[in-house]
Amino acid sequence: MDWPGQPREQGVNLPTEAEYGVIDLEWAKLHGYEVPPSAEAAGQANTPPPAELSSAAVAAYFGNPQKKELGCEGKSRQRLSTSKSEAAYQYVRGLQDKAHARSMNDSRVRAVNAEWSKCMKDAGFTYPDPMAAATDKVLLGKGGVPSSTQEKTAAAADATCKRVTQYVQIRAVVTAAYQKGLIESDAEKLREGQGEWTQVLERANEVLRGKQ
């Protein structure tokens, strides 16, 4: 049976902006807080959507959960024994969230948020922190491209204030310090998780080599 690949995700990947908000001044002036479609995605605008999957394909892939019958996806996970490695991944994600929460409550981060907020107020915008600006539905409207002039102006002020206050540098240093502490205190657990992922990779390579 044919199984269609995942559709290409439109836009571009901006992991830094996802954490700190807009930081590129020229980008902010042109696009505000929006992520315009990539050139590749724009060229595929008229590409028809993939055909709907047949009920047989869905059944083969997912199995029958009500009868506890595994499909291809479930059998693959069972063959690779991914439960422990996936739990290890979630554990790391939990540590990331913990470091983030601690850093956001740190006095240094609270201080730089206040400095950034004052800078924005001087520019005519009232927000307690960068994420409040980047998610303001009134400012962003319905979203999409092109951005409004008001949004571009706010985003440009946002990026400028981050530079003036060294917002990103302070956030990064403080977060890294908490991450380092968690890595040291949870080193044994993290090594165990790394070992689980190594074993999954070895089992995957065995499957690819045709070993049953």
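View 1. At 30% relative accessibility, glutamate 19 is partly exposed (buried is under 20% relative accessible area, exposed over 50%, partly exposed in between, with a 1.4 Å probe and protein chains only). The model is predicted: local features need pLDDT of at least 70, side-chain atom pairs count only at pLDDT 80 or more, and totals for chains, interfaces and linings use all residues. Residues are numbered from 1 along each chain as its sequence is written, and side-chain values use heavy atoms, leaving out hydrogens and water. Glutamate 19 forms a salt bridge with arginine 171, with the closest N and O atoms 2.6 Å apart (a salt bridge is a side-chain nitrogen of Lys or Arg within 4 Å of a carboxyl oxygen of Asp or Glu). Arginine 171 is buried, at 2% relative accessible area. Glutamate 19 lies in helix 1 (residues 15–20) and arginine 171 in helix 11, so the pair ties together parts 152 residues apart in sequence. Helices are DSSP runs (H or I, at least four residues), numbered from the N terminus.

**View 2. Arginine 77 and glutamate 86.** These two residues form a salt bridge, their closest N and O atoms 2.0 Å apart. Arginine 77 is partly exposed at 39% relative accessibility. Glutamate 86 is also partly exposed, with a relative accessible area of 32%. Shared partners join Glu73, Arg77 and Glu86 into one salt-bridge network.

**View 3. A salt bridge within helix 11.** Lysine 180 pairs with glutamate 184 in a salt bridge, the closest N and O atoms being 2.5 Å apart. The two residues are four apart in helix 11, so about one helical turn separates them. The structure holds eight salt bridges.

**View 4. The largest nonpolar core.** This core has 21 residues (a nonpolar core is a set of buried Ala, Val, Leu, Ile, Met, Phe, Trp, Tyr and Cys residues joined through side-chain atoms within 4.5 Å). Tyr33, Trp116, Met120 and Tyr127 have the most contacts inside it. Helix 10 gives the largest share, six residues. Tryptophan 116 touches, among others, Tyr127, Pro128, Cys161 and Tyr167, not counting residues up to four places away in sequence (contact means heavy atoms within 4.5 Å).

**View 5. A nonpolar surface patch.** Leu53, Val58 and Phe62 make a patch of about 240 Å². Patch residues have over 30% relative accessible area and no salt bridge; like charges are joined within 9 Å, nonpolar side chains (Val, Leu, Ile, Met, Phe, Trp, Tyr) within 5 Å. Accessible areas come from the Shrake-Rupley method with a 1.4 Å probe; for residues, only the protein chains shown count as cover. Phenylalanine 62 sits in helix 4 (residues 55–62). Phenylalanine 62 is partly exposed, at 47% relative accessible area.
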